[in-house]
Amino acid sequence: MKMSSKAKAMVRMIFLVVFVGWLMIWVMLPTKLYKNTWTPTLETKLTSTYFGGQGTNLLLFSFPVMFIAAFGCAYLHFQNRSTHSNDQSKSAAASLKRPVRVMAPLGIVSALELIFAAMFVALLIWSLANYLYVSFGHLHMHKEGEKIWQAKFRSVSLRLGYIGNICWAFLFFPVTRGSSLLPLVGLTSESSIKYHIWLGHVSNILFVAHTVGFICYWAITNQMAEILEWSKTWVSNVAGVIAIVIAVPMWVTSLPHFRRKKFELFFSTHHLYLVYIIFYVLHVGDAYFCMILPGIFLFLIDRCLRFLQSRQRTRLLSARLLPCGVVELNFSKTPGLYYNPTSILFLNVPRISKLQWHPFTVSSSCNMEADQLSVVIKTQGTWSHKLYQEITSSLDHLHVSTEGPYGPNSSHFLRHECLVLVSGGSGVTPFISIIREIIFQTQMPNFRVPRVVMICAFKNSADLAMLDFLVPISGIPSKIPQIQLQIEAYITREKEQPKTETQKPLQTIWFKPSPFDSPIAATLGPNNWLWLGAIISSSFLMFLLLLGIVTRYYIYPIDHNTEQIYHFSYRALWDMFLVCVCVFIVSSAVFLWCKKQNTREGNQIQNNEIATPTTSHEAPWFSGADDRELESLPHQCLVQATKVHFGSRPDFKKILFDLKESDVGVLACGPRKMRHDVAKICASGLAPNLHFESISFTL
């Protein structure tokens with residue numbers, strides 16, 4: 001079923017209205033209008049017997065986002081899939097997506113990002129100003145013996161925590177890999193990681209200032225004992241202290257120095273977020289938990305589904321080993337699994353580490369290779385070296401678990417007249433999938449093939465073998481001559497081409513299938529988005545139902561007993577417990593149902609597989625045609641399209657400015673400095689035909 005353009009426009013308008021309304025609520029939150037008009041009116045209409053004071057917050061802050069997330073899944077399912085691969089239309093916001101600033105620590109920032117960042121900062125400033133305006137107007141109600149300036153100092157410290165909570169409301173959306181909210185606005189979890197980093201820095205600065213402010217206030221007023229108070233009727237101070245004690249190490253180890261040089265320390269420390277969330281919610285209470293509930297709710301659904309998917313073993317078919325220490329892993333996949341180029345697959349090899357998960361760019365084309373999925377791994381770190389050793393140790397089978405793939409919702413790069421792919425080292429891997437996709441699209445009717453200029457920078461000539469992955473093991477590589485492909489390869493550490501005798505042959509290792517392994521499939525099957533929407537809506541409704549029951553028949557009787565009052569922190573515990581229960585029950589039930597369908601399809605694939613040789617060898621294409629017993633046409637075309645430059649680096653400014661096409665897409669993947677240099681050229685405004693995009697997890 002396909003959606004018409006009018007239906008798409010209508011759905012987008014509904015989403016926009018709901019989202020703008022949600023933002024307006026955040027804008028009005030710190031004002032007197034919200035406190036004096038909206039809240040009392042809504043609380044009288046929402047039965048407090050069933051939801052207490054949470055009813056208003058659930059309606060205003062939680063429901064709009066959950067609505068967009070659930071119906072967004074249906075929209076993504078029904079939208080025309082043909083537009084994914086052949087979208088020739090030029091986006092109206094293309095100029096806004098062009099980088100305008102390349103600076104530390106923000107990295108590459110587009111005009112659109114700059115506008116939204118300025119709007120978000122304005123929201124924070126507006127909220128803080130209104131909070132202080134309202135609170136300063138009630139200073140006549142300050143504590144006995146407290147001076148006016150002390151009351152103002154306490155009020156500022158408290159409101160900084162409120163502003164930090166606004167950051168938390170958005171914090172988890174960028175790292176929810178399977179959420180519909182990201183593809184709805186054209187984002188991926190990979191490209192939006194930087195927003196999570198920005199929000200994390202801002203929220204931690206505000207929370208540290210909030211904590212330090214209250215410690216100073218207690219010290220000034222001789223109330224240091226308050227730091228250990230766990231109030232029954234109000235917020236828990238000691239829970240807030242525990243939360244900030246956990247948050248600071250997480251924050252420090254996430255800084256670039258630790259994240260790049262001590263990744264395992266960052267990885268381990270960052271998983272304290274589970275404990276952090278618990279004490280944070282115990283500190284802020286159930287009312288403010290409703291404001292951050294959508295992000296946490298969607299993140300928990302995503303995390304639960306990822307956990308269930310990762311428990312399965314994936315069928316590894318073969319591994320191609322290159323002389324430069326690079327390996328291509330080829331997995332079996334179900335034909336119903338659809339993904340776009342530059343998608344990301346997370347791998348776990350229990351034989352190396354049961355806890356470590358590493359992301360790798362998918363190098364295969366979903367359309368060209370219907371039953372296989374490939375990733376390319378360069379041996380650069382400890383984990384990848386161990387993996388290379390395991391594969392070359394004569395294993396006949398290797399246990400691997402996967403998550404994903406996650407990626408863009410459309411092949412937007414195909415709309416350009418010319419495509420420039422700039423890579424450094426292993427950064428060439430995402431472009432392999434792009435070129436394979438273009439090769440496939442050449443057989444589509446009325447498809448305008450973009451001219452492709454590939455600029456690769458390698459340290460040694462042995463790394464040139466990575467270009468051999470442009471030709472898949474199976475598929476339709478004979479279509480290579482039909483694309484306009486120009487490869488400029490730069491070898492930076494060698495002055496001349498080495499002797500061909502020193503080149504090692506390529507080696508292909510085939511693994512034996514195991515009955516316990518299954519092909520990679522969409523987490524919830526071919527109708528992944530529909531099932532995800534069902535999980536979001538049904539689990540949220542179940543949460544509301546159970547919360548209403550608990551409030552009406554357990555909390556409400558205690559609150560209305562003249563001798564008792566229900567504990568403030570226990571309300572937050574009930575919220576967290578019910579959210580986890582609902583998410584786990586619904587996600588597990590739907591996942592197990594879909595798993596049965598995937599298992600049937602996987603068994604059919606396994607029955608159709610035939611025995612393959614254990615190993616095979618071939619010479620790399622760049623060593624010359626004489627080294628092969630039979631030189632294929634695709635490899636001849638690659639050799640003819642490639643020009644190798646020894647002892648030099650690419651002059652990006654000259655290459656990019658010499659392009660005459662009116663619409664040039666520039667994709668960069670590789671070292672940070674290289675991406676920033678290319679982005680600066682595109683941001684200079686000297687070549688308005690350049691449209692830049694960075695492919696990286698880092699800023």
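This is a predicted model: local features need pLDDT of at least 70, side-chain atom pairs count only at pLDDT 80 or more; totals for chains, interfaces and linings use all residues.
Start with the inside of the model. The largest nonpolar core holds 85 residues, and W168, Y276, F297, I536 and F543 have the most contacts inside it. Helix 13, covering residues 273-310, is the top contributor, giving 20 residues to this core. There's also a second, separate core of 41 residues, with L414, L470, L485 and I695 among them. As background, nonpolar side chains tend to be buried together in soluble globular proteins.

For a close-up, pick F297. Leaving out residues up to four places away in sequence, F297 touches M66, S539, F540, F543, V579 and V583.

## Helix 13 and its bend

How far does helix 13 span between its end C-alpha atoms? If its 38 residues made a straight helix, you'd expect 56 Å, but helix 13 spans only 20 Å. Now look at G285: helix 13 bends there by about 115 degrees.

Helix 13 is also largely enclosed by the rest of the structure, because 29 of its 38 residues are buried.

Is H271 buried or partly exposed? Its relative accessibility is 38%, so H271 counts as partly exposed; the cut-off for buried is under 20%, and for exposed over 50%.

The side chain of H271 reaches the backbone oxygen of F267 at 2.8 Å. Along the chain, H271 and M250 are 21 residues apart, yet 8.4 Å separates their C-alpha atoms.

Notes:
Residues are numbered from 1 along each chain as its sequence is written. Side-chain values use heavy atoms; hydrogens and water are left out. A nonpolar core is a set of buried Ala, Val, Leu, Ile, Met, Phe, Trp, Tyr and Cys residues joined through side-chain atoms within 4.5 Å. Buried means under 20% relative accessible area, exposed over 50%, partly exposed in between (1.4 Å probe, protein chains only). Helices (H or I, at least four residues) and strands (E, at least two) are DSSP runs, numbered from the N terminus. Contact means heavy atoms within 4.5 Å. A polar contact is a pair of N or O atoms within 3.5 Å; within protein, one must be able to donate a hydrogen and the other to accept it, and residues adjacent in sequence count only if both atoms are side-chain atoms. The expected span of a helix is 1.5 Å times one less than its number of residues. The bend at a residue is the angle between axes fitted to the seven residues ending there and the seven starting there.
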